[in-house]
Each structure stands twice: as structure tokens, then as C-alpha cells.
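Open the structure in your viewer and keep the selection tool at hand. The tour below goes stop by stop.

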Amino acid sequence: MSSVVAVAPAKLNLALAVGGPRSDGFHEVATVYHAVGLYDTVTATDGEGLRVTVEGEKGIAVEGVPTDASNLAARAAQLLADRSGQEPDVHLHIRKGIPVAGGMAGGSADAAAALLACDALWGTGLARAELAALAAGLGSDVPFALLGGTALGHGRGEHLSPVLARGRFDWVFAVADGGLSTPAVYAACDRLREGRVLPEPRVSDAMMAALRAGDPEQLGASLVNDLQPAACSLRPQLRQTLEAGADCDALGSLVSGSGPTVAFLARDGEHALDIAVGLSASGTCRSVKRTHGPVGGVRLVEGEPA
Ligand code: ATP
């Protein structure tokens with residue numbers, strides 16, 4: 001029986017500027033995606049029919065992840081099978097290291113990993129550009145999970161251009177108890193901003209300069225997320241988590257995407273450890289993860305899942 005293993009990173013939006021709702025129900029965004037070292041692993045094995053199983057790494061609850069055809073990894077495998085005239089006979093085992101419904105695009109990471117793994121398992125041999133086109137059809141964040149690094153996103157977030165970013169940034173993530181629904185957070189954002197004239201979403205020059213310079217202080221000062229007030233209104237506890245990180249002198253903090261995971265930027269690895277200890281002691285979150293970014297996009301790995 002043959003197996004292929006792919007790992008895909010989580011994303012953080014360093015900037016997320018959100019416009020008003022479009023006629024198709026989506027929102028126009030201008031965002032800076034940043035891939036960070038929290039990973040989901042998808043193992044694709046020959047099987048009969050399309051089957052999905054899920055397990056969580058320590059601190060990652062997987063309740064609510066569907067194991068039927070609605071799982072984004074299953075949808076990716078089905079789409080690739082349709083595209084290549086293949087029967088979708090594959091068992092996808094997902095090991096989640098990315099918080100579920102946490103605003104870190106774990107489902108999108110699994111879709112990207114399933115595309116790459118099934119492409120290899122079935123010898124489909126699609127070019128990266130063709131995989132990227134399939135990815136965009138699966139969800140706004142899936143193309144970035146393929147690409148990784150740091151990138152500007154426009155449209156729904158699916159139109160990407162790489163950003164010139166220097167250096168490496170140390171992050172601490174506070175994982176919340178339970179997730180937040182992305183559509184519910186966008187709806188709350190619309191309610192909070194009702195009647196306001198919204199400017200066209202754009203990313204600040206200060207953020208682009210901070211990335212070019214690889215300067216964590218400058219980056220910390222330019223982090224911004226238009227969805228943060230909405231996420232905090234739905235989950236007031238997040239304000240305490242943000243305060244706990246500020247007490248540890250984080251260079252900057254923000255809710256990741258639609259939340260409820262909160263990201264804190266540290267000066268270096270040692271400072272990240274201090275922040276992680278402070279956050280754990282504060283009792284304001286379920287678990288704490290330390291990692292860095294940017295990291296590469298989805299990739300195949302040899303042998304057993306990491
Ligand atoms: P979004 O990417 O929509 O911003 P998110 O990053 O907050 O969402 P995800 O972990 O991607 O959160 O999951 C959102 C929802 O998608 C889950 O609650 C679950 O119902 C569904 N889902 C479908 N497939 C997956 C998957 N492979 N992993 C996690 N959730 C999945």
C-alpha cells in the first residue's frame with residue numbers, strides 16, 4: 001500500500017484590512033499573510049473510496065472537524081480526482097497541530113496538503129500553477145498555504161504577490177478554548193461598522209517598511225486587524241489574553257484572522273519564552289505555542305508523519 005505525507009503551515013495575517021461586504025457576500029480585503037511553524041500533517045494512503053480520519057497534537061482539540069465529504073481535505077481530493085479523471089480512492093489521515101476554527105486557516109492548510117499529497121500519490125503531475133488554480137476554488141486562504149512565506153493578498157485574499165521580507169520573527173500564540181466561526185466574525189464586524197463610510201482596504205507603508213527592514217519593533221507597532229473588535233465582542237475573554245501579553249512587554253499583538261487565537265511578537269527566542277510563561281501563568285488561554293515565521297508553504301515529507 002503506498003502513502004504520501006504532506007505538511008502545511010498555519011497562517012497569521014500581519015495586517016488584515018477589511019472592506020464592506022461585496023454583492024457575492026465576500027469582503028474585499030488587503031492582507032499580509034505570514035506562514036508560521038505550526039503544522040498540520042496529511043497522510044494520503046491508497047484505499048477504497050474517500051475516507052478521512054483526524055487526530056490532534058497536544059493542546060489541539062479536534063471536535064468539530066468533519067470526517068465526511070465536507071472536510072476541506074476531502075473536498076480537495078475530490079476536486080483533484082475530478083480534474084484528473086481519477087477515482088478518489090484515498091484515505092486521508094489529518095494530524096492537526098493548527099488550532100481548529102482558530103483563525104489560522106487550518107482547514108485551508110489541510111486542503112493544500114491533500115492537493116499536493118494526492119497529486120503525488122496518483123501521479124497526476126499537475127503544475128504548481130494548476131494546483132494553485134484548484135486551491136483558489138477551495139477557499140480564499142488555500143492558495144497561500146501552497147505558497148507560504150510572507151505575501152500580500154487581495155480580492156478575497158486569493159490574489160497573492162510575494163513580499164520582500166527580511167529576517168525571522170519570533171511568535172507566541174495563545175490558543176483559546178473553542179473556536180470562532182469566520183462568517184459570524186465578519187457579520188459582527190459589519191454590524192459594528194454599520195453606517196460608516198469604509199476606505200478601500202490597503203496595507204500600510206509602515207508595515208511594508210518593517211518587513212523590508214526585518215525590524216521586529218517596527219513590525220510590532222504596525223500589526224493591525226480590522227476583525228479584532230468583532231472577535232473581541234464575540235469573545236470578551238480575548239481582551240484579557242491581549243492584556244496578559246502586553247504585561248510581558250510583547251512588541252505587538254493581534255487576534256489572528258477571525259480569531260480566537262491571539263498572536264504576540266517577541267524580540268527574540270528568549271523573550272518569546274518569557275511571554276509564553278507569562279501567558280500560561282495568566283490562565284487566560286487554553287494552551288500556548290511558540291514558533292517563528294516566515295516558513296515555506298506545503299511540502300511533501302519522507303516516510304512517517306512528523
Ligand atoms: P477560516 O479558514 O474559515 O478562517 P479558521 O482558520 O478559523 O477558518 P479552520 O480550522 O480552517 O478555522 O476551520 C473552520 C471550520 O471548517 C471548522 O470549524 C470545521 O467545521 C470546518 N473544517 C472543514 N475541514 C476542516 C479541516 N480539515 N480542519 C479543520 N476544520 C475543518
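The stops cover the ligand and then a cavity, both in a predicted model.

Stop 1: Select the ligand, which sits in the largest pocket. The shell has 20 residues, and A101, G103, A105, G107 and D110 come nearest. By class, the shell holds 8 nonpolar, 9 polar and 3 charged residues. Next colour helix α2, residues 106-121: the helix gives the largest share of the shell, 4 residues.

Stop 2: Show backbone atoms for M104 and A105. In A105, a backbone N or O atom lies 2.6 Å from an oxygen atom of the ligand. For M104, the corresponding distance from a backbone N or O atom to a ligand oxygen atom is 3.3 Å. Then show the side chain of D110, where a polar atom is 2.8 Å from a nitrogen atom of the ligand. On its own the ligand has 600 Å² of accessible area, and the protein covers 76% of that.

**Stop 3: the cavity.** How many cavities of 30 Å³ or more does a search of the whole structure find? The search finds 1. The largest cavity has a volume of about 40 Å³. To display its lining, select P9, A10, K11, M104, A105, S108, A109, D141, F144 and A145.

Colour by element: β1 (3-21), α2 and α4 (142-147) each supply at least two lining residues. The largest share, 3 residues, comes from β1. By class, the lining has 7 nonpolar, 1 polar and 2 charged residues.

Technical notes
Residues numbered from 1 in each chain as written. Predicted model: local features only at pLDDT ≥ 70, side-chain atom pairs only at ≥ 80, totals over all residues. Heavy atoms only, no water. Near = heavy atom within 4 Å. Polar contact = N/O pair within 3.5 Å; in protein donor to acceptor, adjacent residues only side chain to side chain. Areas by Shrake-Rupley, 256 points an atom, 1.4 Å probe, with all protein chains shown as cover. 1 Å grid on protein atoms, 1.4 Å probe; cavity = no way out; pocket = protein on both sides within 12 Å on 5 of 7 lines; lining within 4 Å. Sits in = over half its atoms within 2 Å of the grid points. Nonpolar A, V, L, I, M, F, W, Y, C, P; charged D, E, K, R; others polar. Points joined across faces, edges and corners; volume = space filled by probe spheres on them.
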